[in-house]
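Work through the exercises below with the sequence and the coordinates open. Try each task before reading its solution.

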Amino acid sequence: VEDVRSLEGFLFSGTYVIPREAELGTVFETLLTAFTQNVDPSILDGFARQGLSIYEAVTLASIIEKEAVVDDEKPLMASVFFNRLEQGIRLETDPTVQYSLGFQSTTQSWWKSPLSLSDLSVDSPYNTYKIFGLPPTPISNPDLNSLRAVAFPAETPYFYFRAACDGSGRHKFAITFEEHLNNACE
């Protein structure tokens, strides 16, 4: 049994009909049951093929959940993260910094955007600009598409991605850092 430090990541996103008088335990049980019903043996096998425990896979899927706007890019993002992990390169992903910063009272938001350079240096075990590997726990509750992306990532040579400049929510992917810099918005 893995050392699960939080239910975050395992509370399966979806629409539920829960009686108003339901106790908190019933709500958690409903969400956790949905997780186990949706994360089928093929997904679990995919996690194992990637060399990840369930907890590690959910942690990575939680990052993809916060990075992706377009579902069909999730397997591409997973490939970037796997490529970086395999090469010992920090993930350097903004949602982990946003999670590190916590609630922003000035904007009444949990997800500060845009991030400043000083934000990227925040001292936190979640800040993947400073730490190598995965953060200690999931940072969100991933949907099935994010979980499947981790189980079945695309095979790409990419090491970088950044938001496209067209407002579509899509990303531009790059192999080299120079190419990544050239993908910046003007």
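This is a predicted model: local features need pLDDT of at least 70, side-chain atom pairs count only at pLDDT 80 or more; totals for chains, interfaces and linings use all residues.

Residues are numbered from 1 along each chain as its sequence is written, and side-chain values use heavy atoms, with hydrogens and water left out.

**Exercise 1.** Find the salt-bridge partner of arginine 170 and state where both residues sit.

Solution. Start with the criterion: a salt bridge is a side-chain nitrogen of Lys or Arg within 4 Å of a carboxyl oxygen of Asp or Glu. Side chains of opposite charge can pair when their charged atoms come close. The structure holds eight salt bridges. In one of them, arginine 170 pairs with aspartate 72, with 3.0 Å between the closest N and O atoms. This pair links distant parts of the chain, 98 residues apart: arginine 170 is in the loop between strand S1 (160-163) and strand S2 (171-174), and aspartate 72 is in the loop between helix H3 (54-67) and helix H4 (74-86). Helices (H or I, at least four residues) and strands (E, at least two) are DSSP runs, numbered from the N terminus. Next, check exposure, where buried means under 20% relative accessible area, exposed over 50%, and partly exposed in between (1.4 Å probe, protein chains only). Arginine 170, at 35%, is partly exposed, and aspartate 72, at 49%, is also partly exposed.

**Exercise 2.** Decide whether lysine 74 and aspartate 143 are buried or exposed, and describe their pairing.

Solution. First, the contact: lysine 74 forms a salt bridge with aspartate 143, and the closest N and O atoms are 3.0 Å apart. Lysine 74 lies in helix H4 and aspartate 143 in the loop between helix H5 (94-101) and helix H6 (144-151), so the pair ties together parts 69 residues apart in sequence. Third, the surroundings: Glu65, Asp71, Lys74 and Asp143 are linked in a network of salt bridges. Of these, aspartate 71 is located in the loop between H3 and H4 and is partly exposed at 38%.

**Exercise 3.** Classify the packing of H4 against H6.

Solution. Take the axes as lines fitted to C-alpha atoms, for helices over the stretch in contact, with angles from 0 to 180 degrees between N-to-C directions. The angle is about 45°, and the axes are 8 Å apart. H4 is therefore oblique to H6, because angles under 35 degrees count as roughly parallel, over 145 as roughly antiparallel, 65 to 115 as roughly perpendicular and the rest as oblique.

**Exercise 4.** Which residues form a nonpolar patch on the surface?

Solution. Leu7, Leu24 and Phe28 form the patch, and together they have about 260 Å² of accessible area. Patch residues have over 30% relative accessible area and no salt bridge; like charges are joined within 9 Å, nonpolar side chains (Val, Leu, Ile, Met, Phe, Trp, Tyr) within 5 Å. Accessible areas come from the Shrake-Rupley method with a 1.4 Å probe; for residues, only the protein chains shown count as cover. Leucine 24 is in helix H1 (residues 24-38) and is exposed at 58%.
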